[in-house]
Amino acid sequence: KNSLSYSGVVSLLQDRSGAIWAGTWGGGLNRLDPATGRFTRYRHDDADPDSLSNDIVLALYEDSRGRLWVGTNGGGLDLFDPAGGKFIHYTQDPERPDSLSSNHVSAILEDPSGLLWVGTGGFGTPGSGLNRFNPASGTATVFHSDPDDPRTLSSDTISAIVRGPDGALWIATGAYAVPGGGLNRFDPASGVFTRYQHQPDAPKSLGGNDILGLFIDPSGVLWVALYGAGLDRLDLTRL
């Protein structure tokens with residue numbers, strides 16, 4: 001019971017205390033104490049409304065206040081309460097247009113104002129856009145893809161979100177059995193998306209439209225991990 005709950009690990013996070021959190025594909029959430037090598041398991045329990053909402057954990061994020069947010073594949077967004085070992089749930093509610101757009105949460109990022117940007121979909125499930133989530137009110141504003149408007153998201157299925165040096169958000173789409181629409185740059189001030197997509201006749205365009213992950217290094221270079229199309233490098237300082 002003090003080992004990893006499941007060997008299929010899909011998300012990892014080291015928190016400010018040094019503990020390692022591991023989200024699994026069906027085995028719930030684990031906390032590893034590096035000093036002892038012992039794991040604490042957090043699983044979904046139908047009989048316990050304060051337990052983890054779903055045992056497939058796709059995204060982990062520690063916010064500026066040291067709170068742990070957990071994105072699940074079907075149970076929505078959870079906030080962990082370490083004092084009682086409980087989880088507060090935020091889910092999609094068809095009766096509330098200001099709720100999360102989907103219970104399949106694939107990516108989480110906090111901006112300087114304390115708002116969370118929550119991506120949906122991936123891992124075989126089509127997404128429902130990008131959510132700007134207010135933790136204080138538990139409400140969300142949703143940004144969707146519109147095929148007729150190139151200033152919107154290129155796809156509603158989001159795999160990763162990072163924040164650039166200028167404050168813009170870079171949003172990856174697609175991956176794992178759901179076709180993507182490439183890479184997006186989002187300006188929160190204007191609400192406008194700029195799309196970067198693969199073009200067969202342009203060798204310096206994005207290598208593919210299905211993206212697994214994003215990373216911005218200290219020099220300002222955005223690295224783009226593509227599904228089946230290698231690794232791309234975009235120098236944000238030259239845009």
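Predicted model: local features only at pLDDT ≥ 70, side-chain atom pairs only at ≥ 80, totals over all residues.
Residues are numbered from 1 along each chain as its sequence is written, and side-chain values use heavy atoms, with hydrogens and water left out.

Let's start with the largest pocket, which holds about 500 Å³ of space. A pocket here is worked out on a 1 Å grid over the protein atoms alone, as an open set of points where a 1.4 Å probe fits, with protein on both sides within 12 Å along at least five of seven lines; lining residues have an atom within 4 Å of a point. For the volume, grid points are joined across faces, edges and corners, and the space counted is that filled by probe spheres set on the points. The lining of the largest pocket comprises 26 residues, and L58, S106, A107, S159 and A160 lie nearest its centre. Which strands supply at least two residues each? They are β1 (9–14), β5 (57–62), β9 (105–110), β13 (158–163) and β17 (211–216). Strands are DSSP runs of E, at least two residues long, numbered from the N terminus. β13 provides the largest share of this lining, with five residues. By class, the lining of the largest pocket has 19 nonpolar residues, seven polar ones and no charged ones. In this scheme Ala, Val, Leu, Ile, Met, Phe, Trp, Tyr, Cys and Pro are nonpolar, Asp, Glu, Lys and Arg are charged, and the others, Gly among them, are polar.

Next comes the second largest pocket, with about 280 Å³ of space. It has 14 lining residues, and K204, S205, L206, D232 and L234 are the closest to its centre. Here β16 (192–196) and β19 (231–235) each give at least two residues to the lining, and β19 gives the most, with four. Charged residues do turn up in this one: the lining of the second largest pocket splits into seven nonpolar, three polar and four charged.

On to the outside. Y6, V10 and W25 make a nonpolar patch on the surface, with about 260 Å² of accessible area together. That area comes from the Shrake-Rupley method with a 1.4 Å probe, and for residues only the protein chains shown count as cover. Patches take in residues with over 30% relative accessible area and no salt bridge, joining like charges within 9 Å and nonpolar side chains (Val, Leu, Ile, Met, Phe, Trp, Tyr) within 5 Å. W25 itself is found in the loop between β2 (20–24) and β3 (29–33).

Now for the salt bridges, meaning a side-chain nitrogen of Lys or Arg within 4 Å of a carboxyl oxygen of Asp or Glu. The count comes to eight. One of them joins D63 to R67, with the closest N and O atoms 2.8 Å apart; D63 is buried at 3%, while R67 is partly exposed at 22%. Another pairs R151 with D149 at 3.3 Å, and in that pair R151 is exposed at 52% whereas D149 is buried at 19%. D166 and R185 also meet in a salt bridge, at 2.7 Å from N to O. That pair links distant parts of the chain, with D166 in the loop between β13 and β14 (169–173) and R185 in strand β15, 19 residues apart. D166 counts as exposed at 53%, and R185 is partly exposed at 23%.

Strand β15 (residues 183–187) also holds F186, which is buried with a relative accessible area of 0%. The C-alpha atoms of F186 and R151 are separated by 9.2 Å, with the two residues 35 apart along the chain.

G129 is another residue buried at 0%, and it lies in the loop between β10 (116–120) and β11 (130–134). From G129 to A107 the C-alpha separation is 11 Å, for residues 22 apart along the chain.

Definitions and conventions:
Buried < 20%, exposed > 50% of the residue type's maximum accessible area, 1.4 Å probe, protein only.
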